Amino acid sequence: MTESVRTPSGLLLPRYERPLGVHPELLSPEYRSTVLRAPSKPLVLLPHNLTEITGPLLGSDRISETDNDLTRQHDGEPVGQRIIVHGRVLDSDGRPVPDTLLEIWQANASGRYKHVVDDWPGPLDPNFTGVGRTVTDSLGRYRFTTVRPGAYPWKNHHNAWRPAHIHFSLFGRAFTQRLVTQMYFPDDPLHQYDPMLITVRDEKARNRLISRFDMETTEPEWALAYEFDIVLRGSDATPMEDPHDDDDE
């Protein structure tokens, strides 16, 4: 926070400043679509209104049996390498954050989303929708079973390919408490060419977006495992995206 700014209605609000280097820059010319959607005026902290207090609660009653297992949501099994993605949601002091609604979405093993605007010729998988959800337990833990997504072209620049990744959305207890980030996989050669990942300028913060291969949690003859903790704030915060980004990438 720095000096205050006055809104057009005359309300005085503190100016909000994003931590330098940690979160993706809102305007990054190498990530072309940010040029069109980046805010042109300073960000401000909006007041806490009745909507944030009385909005719909998001809890375990919104989760069905197969929501956190993307390999069991259809009659048949999806194509691809089965994986387990697990971790914890933590606050700035390392304390677990329970009862947080997590949603994920991802491409299938060929790198294609089940979305009307995704028309690149990677084959669709009739047994994979690519969407899951779960709620953190009392220790802030979550767990998904899915398939490893494939890389895909995205036309940002010549020969542009997105590395394998999974999108995470954290809702807290209401829709207005949403945070969005992405999880990448270790040792992917496409990391260094991905403008989205590179917009996180701080190398240590950028590395916090890369999951850790977890042999201990790997299930023999069933699924490999990756661990990905999400820290909501503080010096070890996980980089977060603009929550209003509607792109499928």
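Author: We can start with the overall picture and then go through rings, cores and charges.

Reader: Okay, what kind of model is this, and what's the average pLDDT of the chain?
Author: It's a predicted model. The chain averages a pLDDT of 86, and 79% of the residues score at least 70. Over residues 244-248, though, the pLDDT is below 50. That stretch still has ten contacts in the model beyond its near neighbours in sequence.

Reader: How many helices and strands are there?
Author: The chain has four helices and 13 strands.

Reader: And how much of the chain is buried?
Author: Of its 249 residues, 42% count as buried. Also, if you take contacts between residues at least 6 apart in sequence, 68% of them join residues at least 24 apart.

Reader: Let's talk rings. How many aromatic pairs does the structure hold?
Author: Nine. One of them is Tyr142 with Phe168, an edge-to-face pair with 5.7 Å centre to centre and 70° between the planes.

Reader: Which strands do Tyr142 and Phe168 lie in?
Author: Tyr142 is in strand β6, residues 141-147, and Phe168 is in strand β9, residues 165-170. The pair therefore ties together parts that are 26 residues apart in sequence.

Reader: Are those two buried or exposed?
Author: Tyr142 counts as buried, because its relative accessibility is 4% and the cut-off is under 20%. Phe168 is buried as well, with a relative accessible area of 0%.

Reader: What cluster do the ring pairs make around Tyr142?
Author: Ring pairs link Tyr142 and Phe168 with Phe144 and Phe228 into a cluster.

Reader: How about Phe213 and Tyr226, why is that pair edge-to-face?
Author: Their planes are at 65°, and over 60 counts as edge-to-face, so the pair gets that label. The ring centres are 5.7 Å apart.

Reader: Where do Phe213 and Tyr226 lie?
Author: Phe213 is in strand β11 (residues 212-213), while Tyr226 is in strand β12 (residues 224-227). This pair ties together parts 13 residues apart in sequence. Phe213 is partly exposed at 35% relative accessibility, whereas Tyr226 is buried at 5%.

Reader: What's in the loop between β11 and β12?
Author: Glu219 lies there, and it's partly exposed, with a relative accessible area of 30%.

Reader: What does Glu219 touch?
Author: Leaving out residues up to four places away in sequence, Glu219 touches Ile84 and Arg143. Glu219 and Ile84 are 135 residues apart in sequence, yet their C-alphas are 8.6 Å apart in space.

Reader: Switching to the inside: which residues touch the most other members of the largest nonpolar core?
Author: Leu102 and Phe168, out of 21 residues in that core. So Phe168 turns up again: it is buried at 0% and pairs with Tyr142.

Reader: Which elements give two or more residues to that core?
Author: β3 (82-90), β4 (101-105), β6 and β9.

Reader: What's in the second core?
Author: The second core is separate and has 13 residues, including Tyr31, Tyr152, Met196 and Val200.

Reader: Now charges. How many salt bridges does the count come to?
Author: Eleven. Side chains of opposite charge can pair when their charged atoms come close. Asp91 and Arg95 are one example, at 2.9 Å from N to O. Arg95 also forms a salt bridge with Asp93, with the closest N and O atoms 3.3 Å apart.

Reader: Is Asp91 buried or exposed, and what about Asp93?
Author: Asp91 is buried, with a relative accessible area of 17%, but Asp93 is exposed at 57%.

Reader: What about Asp214, which residue does it form a salt bridge with?
Author: Arg212, with the closest N and O atoms 3.9 Å apart. Asp214 is buried at 6% relative accessible area, and Arg212 is partly exposed at 44%.

Reader: Which residues do shared partners join into one network?
Author: Asp91, Asp93 and Arg95, through salt bridges that share partners.

Reader: Last one: which rings do Arg148 and Arg162 lie over?
Author: Arg148 lies over the face of Phe185, at 4.4 Å from the ring centre. Arg162 lies over the face of Trp154, at 5.9 Å from the ring centre.

Technical notes
Residues numbered from 1 in each chain as written. Predicted model: local features only at pLDDT ≥ 70, side-chain atom pairs only at ≥ 80, totals over all residues. Heavy atoms only, no water. pLDDT = per-residue confidence, 0-100. Contact = heavy atoms within 4.5 Å. Phe/Tyr/Trp six-rings, centres within 6.5 Å; stacked < 30°, edge-to-face > 60°. Buried < 20%, exposed > 50% of the residue type's maximum accessible area, 1.4 Å probe, protein only. Lys NZ or Arg CZ within 6 Å of the ring centre and 35° of its normal. Core = buried A, V, L, I, M, F, W, Y, C linked by side-chain atoms within 4.5 Å. Salt bridge = Lys/Arg side-chain N within 4 Å of Asp/Glu carboxyl O.
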